Amino acid sequence: MNSHSTPTGIFITGTDTEIGKTVVASGLATALKAAGINVGVMKPIASGGVEHKGHLVSEDAIFLKHAAQVDDALNLINPICLRHPLAPSVAAEIEGVSVNLRQIDDAFAELCQRHEFIVVEGVGGIAVPICEDMLVANLAQRFQLPLIVVARPNLGTINHTVLTVEFARSYNLEICGIVLNASQEGAKGLVEETNPKELERLTHLPILGTVPFDEQLQGNTPDPDFLSQFIGEHIDWKRLVGANG
Ligand SMILES: Nc1ncnc2c1ncn2[C@@H]1O[C@H](COP(=O)(O)OP(=O)(O)O)[C@@H](O)[C@H]1O
Ligand SMILES: [Mg+2]
């Protein structure tokens, strides 16, 4: 692929599962949408799918679709959904299916045609295996999108974040910055106060935002207006549009 075919968008990864990737991805999509940008969302591969009207669907994809208020079909937003809540390579093996990268590429190409900007949510963290010879890092390379790393704000996050950033860099992935998200309730102390600066020093990346814990973000059906306002307030999303030129 040459630079002319480089799509515009962002790939959301995280230092762990349940870290807030879906919340941050959805929030960014709504904030960009509120700014008048035609935003699409994508969850290329999901595991732990749930049965819905005879199909296996990804709750992340439903959340993203609902938040971004897009008309795209769920199987375009999420072309591959596995049943077991395991790393995709392991779930696929147990389920006797092979992960069809062509399906992911076709869905991504279609979404790029339909939208100006695509917010893609990864699965698990950057080193999670998608299939035998592919990790999430390879998927991000395939999409040619810069990353956002979602991390915890509290003790332990420096180690996980530095490891994630260094791993991504070893794949020559561009990283826009880090978002610290509190997906669990907890007191804020000296650690949360001092972590952002230390993370910037060690990674040479900007902290694009610190998202506090909020009850309204718990659960499966976010209010798009709340998400857009809340994430818009706490994440410097305007930098993303600039970062993509
Ligand atoms: N800032 C926050 N405040 C409150 N709950 C949050 C926040 N961020 C995430 N959550 C909740 O934490 C859980 C994990 O978040 P999610 O975005 O699904 O993580 P991931 O996509 O990385 O697995 C979800 O139940 C979500 O509603
Ligand atoms: Mg998710």
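Biologist: How many bridges join β10 to strand β11?
Modeller: Five bridges join β10 to β11 (residues 175–181), and the two run parallel. Strands pair if DSSP finds at least two bridges between them. Helices (H or I, at least four residues) and strands (E, at least two) are DSSP runs, numbered from the N terminus.

Biologist: Before we go on, what am I looking at?
Modeller: This is a predicted model: local features need pLDDT of at least 70, side-chain atom pairs count only at pLDDT 80 or more, and totals for chains, interfaces and linings use all residues. Residues are numbered from 1 along each chain as its sequence is written, while chains are lettered from A and ligands numbered from 1 in the order in which they are written.

Biologist: Back to β10 and β11. Which residue does A151 stand opposite?
Modeller: L180 in β11. The chain gets from β10 to β11 through helix α7 (residues 157–170), and this β-α-β crossover is right-handed. Right-handed means that, with the strands pointing away from the viewer, the path from the first strand over the helix to the second runs clockwise.

Biologist: And which strand is joined to β10 by four bridges?
Modeller: Strand β1 (residues 9–14), again running parallel to β10. There, T13 stands opposite V149 of β10.

Biologist: Is β10 mostly covered or uncovered?
Modeller: Covered. Five of the five residues of β10 (147–151) are buried. Buried takes 20 or more other C-beta atoms within 10 Å of a residue's own, exposed 12 or fewer, partly exposed in between; C-beta atoms are placed from the backbone.

Biologist: Which residues sit on each side of β10?
Modeller: L147, V149 and A151 are on one side, I148 and V150 on the other, and all are buried. In a regular strand the side chains alternate between the two faces of the sheet.

Biologist: What's the strand order in the sheet?
Modeller: β2-β7-β1-β10-β11-β12, six strands in an open sheet with parallel pairing. The edges are β2 (39–42) and β12 (207–211), each pairing on one side only. From one strand to the next, the twist averages 20 degrees. Axes are lines fitted to C-alpha atoms, for helices over the stretch in contact, and angles run from 0 to 180 degrees between N-to-C directions.

Biologist: What is V39's bridge partner in β7?
Modeller: F117. Four bridges join β2 to β7 (residues 117–121). Helix α5 (residues 101–114) lies across both strands, at about 165 degrees to β2. Helix α6 (residues 136–143) also packs on the sheet, touching β1, β7 and β10. Contact here is C-beta atoms, placed from the backbone, within 7 Å.

Biologist: Switching topic. Which residues are closest to ligand 1?
Modeller: K21, T22, V23, S183 and L217, out of 17 that surround ligand 1. The cut-off is a C-beta atom, placed from the backbone, within 6 Å of the molecule. Helix α1 (residues 21–34) gives the largest share of that shell, three residues.

Biologist: One last residue. Where is N154 found?
Modeller: In the loop between β10 and α7.

Biologist: Why does N154 count as partly exposed?
Modeller: Because N154 has 16 other C-beta atoms within 10 Å. Leaving aside residues up to four places away in sequence, N154 touches G186, V191 and E192. N154 and A187 are 33 residues apart in sequence and 9.6 Å apart in space, C-alpha to C-alpha.

Definitions and conventions
Two residues are in contact if their C-beta atoms, placed from the backbone, lie within 7 Å.
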